[in-house]
Amino acid sequence: MRRSGSALLRAAVVAGLLAAVAIPAALATATPSRSSNAAARANVAAGSCESLTGLQLRNTTIDSAVVAPASETTPASCRVRASVTHPPAGDDVNIDIWMPVEGWNGRFQGVGGGGYAGSNPGSLAAPVANGYAAGSTDTGHVGGAFEGDFALDPDGGLNWQLIRDNAYLGVHEMTVVGKAVTAAFYGRQARRSYWNGCSTGGRQGLSEAQRYPQDYDGILSVAPAINWSRFIPAEFWPQLVMKETGNFLPQCKFAAFQAAAIEECDRVGDGATDSVIGDPGRCRFDARSLIGQSTECGTITASDAEIVNKIIAGARSSEGDFLWYGLAPGSPFDGLANTVTSDAVTTGAPFPIALTHIGIWLLQDPAWDWKTATYEQYDQLFTQSVEQYTSVIGTDNPDLRAFKRAGGKILIWHGWADQLIFPEGTIAYYERVQDVVGGTRETEEFARLFMAPGVYHCAGGPGPQPDDPLSQVVAWVEKGRAPKTLNGVRRDAGGTSSRRGRSACIRRSRVTRAVAA
Ligand SMILES: [Ca+2]
Ligand SMILES: [Ca+2]
């Protein structure tokens, strides 16, 4: 018998998190977007698609520019591939820009990636079908969502240029090149630019708002992988707890705990019995209430309950100090506490990105065996991660004042039942933004966070998923209509809408479960 944590999860990860192939672009240093405007102004006459190969941009090569005929899902589009490098590094940030030949809506859209993957040109089809000129980038390396070993050179040293390209530079270069190519093709600049991404894509959107506040007028940032240097090592915590306890729980026990948490707290925050916890931040679920309960994979023990409580509490140091948030009650455990049961033996199945971060990015040891990890080593690894990676890829700088001054608007939403990125980390970031910006009202003028009860990572789950929130970003930017709620739809397996609901904008102090950092 072989039972593993979930095809569903994998599908969600692949759909949301995943995405990525790559292609390049980039100006030498972190040049603000004004340079793109300058480049664009030099090319005000509309050009043929093929002529775009002659476009001159700093450190950029236009590799190809061809018209792709219309398909069933996509109109005829001019497709440009470009490469950007940062001398003398010799890196290669690959960029794809697709532009509808007819029916351009005057806007540019940057599309984000997932996991370690910068983005995927396939994700450009939808925005192009909606009239956008759109861009994606591999952020300097080729590979899928779980492939993070680009950070390590063959000699075992860290490749900081590739880390920077992936962390923040690649997306900025894509944006600069994308705007310039768009202006050259249509003979006028895009009147507005939007960012659209989930997970790493959500992080990339906030990276743009933090580092390049003039790149985008509107940003949709979903389940953002911000706080990267903290939450990625925290993703390993559930496996460490099981390993150190010597007790890997079969998934059917985890399913029993998830169901019990939902039953216990179903009415919290929404007053409705609908298998969705309205406000998990106020749920006081104690896994010990299940001790002695029988499941098809054995009786729940005190050790099982203690492990689940530790996973929900979140990563702690060996002294018991707060390191990071845990999974919210009601979330699936099969993302981070995944296990495989075979012939009655259960073993851990850690989330691949957490393993790569520790083994490759921290220890620089591709042969690292996670089963050798201890609580004491984890303390050191967590500290190392924060010290070594916060400034480059943490993406947790709360100072969005320059973005606000530039007129930008950002809509963030996060599923309360996210099984991969701890939602309270996003809430804590938003509270820090409010502190820096000067208050709730001042923040809501340009940045709003919505929590979606019962929604998994990027998509899925029993709760209604926000439906087309990008159009709400566009209405906010172009018509001044700030979003107050996000209307959501839950789609059944067959794709039919089965229920509607709303995610409310959160304000302050909704994190009541966690200890302050
Ligand atoms: Ca290239
Ligand atoms: Ca409920």
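In the predicted model, helix H7 meets helix H9 through Pro 238, Val 241, Met 242 and Thr 245 on the side of H7, and through Ser 303, Ile 307, Lys 310 and Ile 311 on the side of H9. Sorted by class, the residues of this contact comprise five nonpolar, two polar and one charged. Two packed helices are described by the angle between their axes and the distance between the axes. For H7, which spans residues 237-245, and H9, which spans residues 302-313, the angle is about 150° and the axes are 9 Å apart. Angles over 145 degrees count as roughly antiparallel, and H7 and H9 are therefore roughly antiparallel to each other. Their crossing is right-handed.

A second pair of packed helices is formed by H4 (residues 160-186) and H5 (residues 200-211), with an angle of about 80° and axes 9 Å apart. Since angles from 65 to 115 degrees count as roughly perpendicular, H4 and H5 are described as roughly perpendicular to each other. Helix H4 contributes Tyr 168, Val 171 and His 172 to the contact, while H5 contributes Gln 204, Ser 207, Glu 208 and Arg 211. The classes represented in this contact are two nonpolar, three polar and two charged residues.

Several features of the backbone concern loops. The peptide bond that leads from Pro 87 to Pro 88 is cis, and its omega is near 5°. Pro 88 lies in the loop that runs between strand S3 (77-84) and strand S4 (93-100).

Positive phi values occur at two residues other than glycine. At Ala 223, phi is near 40°; this residue is placed in the loop between strand S8 (218-222) and helix H6 (228-234). At Ser 275, phi is near 65°, and the residue belongs to the loop between helix H8 (251-265) and strand S9 (294-295). Are these residues buried or partly exposed? Ala 223 has 29 other C-beta atoms within 10 Å and is therefore buried, as 20 or more are required for that description. Ser 275 has 14 other C-beta atoms within 10 Å, so Ser 275 is partly exposed.

Conventions: Residues are numbered from 1 along each chain as its sequence is written. Chains are lettered from A and ligands numbered from 1 in the order in which they are written. This is a predicted model: local features need pLDDT of at least 70, side-chain atom pairs count only at pLDDT 80 or more; totals for chains, interfaces and linings use all residues. Axes are lines fitted to C-alpha atoms, for helices over the stretch in contact, and angles run from 0 to 180 degrees between N-to-C directions. Helices (H or I, at least four residues) and strands (E, at least two) are DSSP runs, numbered from the N terminus. Angles under 35 degrees count as roughly parallel, over 145 as roughly antiparallel, 65 to 115 as roughly perpendicular and the rest as oblique. A crossing is left-handed if the near helix is turned anticlockwise from the far one by less than a right angle, and right-handed if clockwise. Two residues are in contact if their C-beta atoms, placed from the backbone, lie within 7 Å. Ala, Val, Leu, Ile, Met, Phe, Trp, Tyr, Cys and Pro count as nonpolar, Asp, Glu, Lys and Arg as charged, and the others, Gly among them, as polar. A residue is buried if 20 or more other C-beta atoms lie within 10 Å of its own, exposed if 12 or fewer, and partly exposed in between; C-beta atoms are placed from the backbone.
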